[in-house]
Amino acid sequence: MVTANVNPASPELHLGDYNIRRMTPADLPAVTALDQQVFKEPWPESAYSQEIYYNSHARYFVLEFNPPSALTRRRKSRSARTICGFMGVRVKRGRGHISTLAVHPEWQGQGWGEILLIVALEQAVLLKANEVRLEVRGSNEAARRLYAKYGFTLLRKLRRYYRDGEDALLLELKSLDADYQRVLSENFRRLRAQVTHPHGIAERSNILRKEKTWS
Ligand SMILES: CC(C)(COP(=O)(O)OP(=O)(O)OC[C@H]1O[C@@H](n2cnc3c(N)ncnc32)[C@H](O)[C@@H]1OP(=O)(O)O)[C@@H](O)C(=O)NCCC(=O)NCCS
């Protein structure tokens with residue numbers, strides 16, 4: 001397991017004031033609101049319902065912020081629990097597909113996207129994927145850099161894949177072997193220390209300089 005101490009049957013990761021856990025029907029209004037905020041072509045709530053209720057090959061997770069009660073009182077605009085990210089991965093016949101990955105704009109740039117990607121890749125390993133694919137907009141520099149950092153390379157361009165006419169880049173990760181999983185574990189350990197440490201975010205750039213990457 002990449003993210004130690006997680007029960008594969010009911011995975012829940014505790015990272016300081018944050019949890020990463022399976023998406024439930026109760027999360028769907030918050031997930032679709034965030035989806036609409038960050039994606040040009042958001043999914044309807046029914047698409048998420050379909051995935052979490054009926055797709056046995058899929059695993060969807062949310063990143064949830066559970067602030068201590070004093071903080072909740074100060075931040076009156078936020079409810080006690082806030083969904084600040086999510087991701088989904090499907091695996092069929094040894095091939096994984098990351099169907100979605102998003103972090104709320106207020107939480108971007110702190111390592112959460114990378115953590116969610118590591119958890120998605122871990123799920124792909126658990127579901128016996130030998131390779132993983134995903135689509136990304138050519139213009140999505142942040143996501144492209146994130147995926148490149150984790151070894152995804154261009155398989156082919158999908159012409160006019162999106163409704164607005166933009167091409168998608170179909171990326172693939174060819175191996176999730178033991179060496180790759182080891183590096184995922186190391187990166188996860190450092191990122192966990194960063195996001196749970198009070199000054200961790202300020203220290204992020206130093207940590208990342210030491211991280212192993214595939215780019
Ligand atoms: C893509 C996304 C998930 C990244 O999440 P994040 O939490 O901001 O990313 P992180 O802080 O974990 O950064 C991890 C890596 O992503 C890349 N990255 C993140 N933000 C970036 C930016 N603004 N510019 C360039 N690269 C960026 C970098 O490679 C970074 O590693 P580095 O700091 O060592 O350079 C987030 O920007 C997002 O939700 N975007 C909207 C939804 C989306 O486009 N999803 C992807 C669909 S394919």
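This is a predicted model: local features need pLDDT of at least 70, side-chain atom pairs count only at pLDDT 80 or more; totals for chains, interfaces and linings use all residues.
Residues are numbered from 1 along each chain as its sequence is written.

**Figure 1. Overview of the protein chain.**
The protein chain contains seven helices and eight strands; helices (H or I, at least four residues) and strands (E, at least two) are DSSP runs, numbered from the N terminus. Of its 215 residues, 31% are buried. A residue is termed buried if 20 or more other C-beta atoms lie within 10 Å of its own, exposed if 12 or fewer, and partly exposed in between, with C-beta atoms placed from the backbone. Two residues are in contact if their C-beta atoms, placed from the backbone, lie within 7 Å. Among contacts between residues at least 6 apart in sequence, 61% join residues at least 24 apart.

**Figure 2. The largest nonpolar core and the surroundings of A124.**
The largest nonpolar core comprises 47 residues, and F86, L116, A120, L121 and A124 have the most contacts inside it. Helix α4 (residues 112-126) gives the most to this core, contributing ten residues. A nonpolar core is a set of buried Ala, Val, Leu, Ile, Met, Phe, Trp, Tyr and Cys residues joined through C-beta atoms within 7 Å. When neighbours within four places in sequence are left aside, the contacts of A124 are V89, V91, G96, A129, V132 and L176.

**Figure 3. Packing of helix α4 against helix α6.**
Helices α4 and α6 (residues 178-196) pack at an angle of about 145°, and their axes are 10 Å apart. Axes are lines fitted to C-alpha atoms, for helices over the stretch in contact, and angles run from 0 to 180 degrees between N-to-C directions. On the side of α4, the contact is made by E114, I115, I118, L121, E122 and V125; on the side of α6, by Q181, L184, N187, F188, L191 and V195. These residues divide into eight nonpolar, two polar and two charged.

**Figure 4. G85 in strand β4.**
G85 lies in strand β4 (residues 82-92). G85 is buried because 25 other C-beta atoms lie within 10 Å. The C-alpha atoms of G85 and A102 are 5.3 Å apart in space, although the two residues are 17 apart in sequence. Beyond four places in sequence, G85 is in contact with V62, L63, A102, V103, H104, W107, W112 and L116.

**Figure 5. R22 in strand β2.**
Strand β2 (residues 18-22) includes R22, which counts as partly exposed because it has 13 C-beta neighbours inside 10 Å. R22 and F86 are 64 residues apart along the chain, with 9.4 Å between their C-alpha atoms. With neighbours within four places in sequence left aside, R22 is in contact with P11, Y60 and F61.

**Figure 6. T32 in helix α1.**
T32 is located in helix α1 (residues 28-38). Its 18 C-beta neighbours inside 10 Å make T32 partly exposed. From T32 to W43, eleven residues away in sequence, the C-alpha to C-alpha distance is 7.1 Å. Leaving aside neighbours within four places in sequence, T32 is in contact with P42, E45 and Y48.

Most residues other than glycine have a negative phi. Phi of K128, however, is near 70°, and this residue lies in the loop between α4 and β6 (131-137). K128 counts as exposed because it has 11 C-beta neighbours inside 10 Å. Phi of R160 is also positive, near 50°. R160 lies in the loop between β7 (153-158) and β8 (168-173) and is exposed, with 10 other C-beta atoms within 10 Å.

Notes:
Ala, Val, Leu, Ile, Met, Phe, Trp, Tyr, Cys and Pro count as nonpolar, Asp, Glu, Lys and Arg as charged, and the others, Gly among them, as polar.
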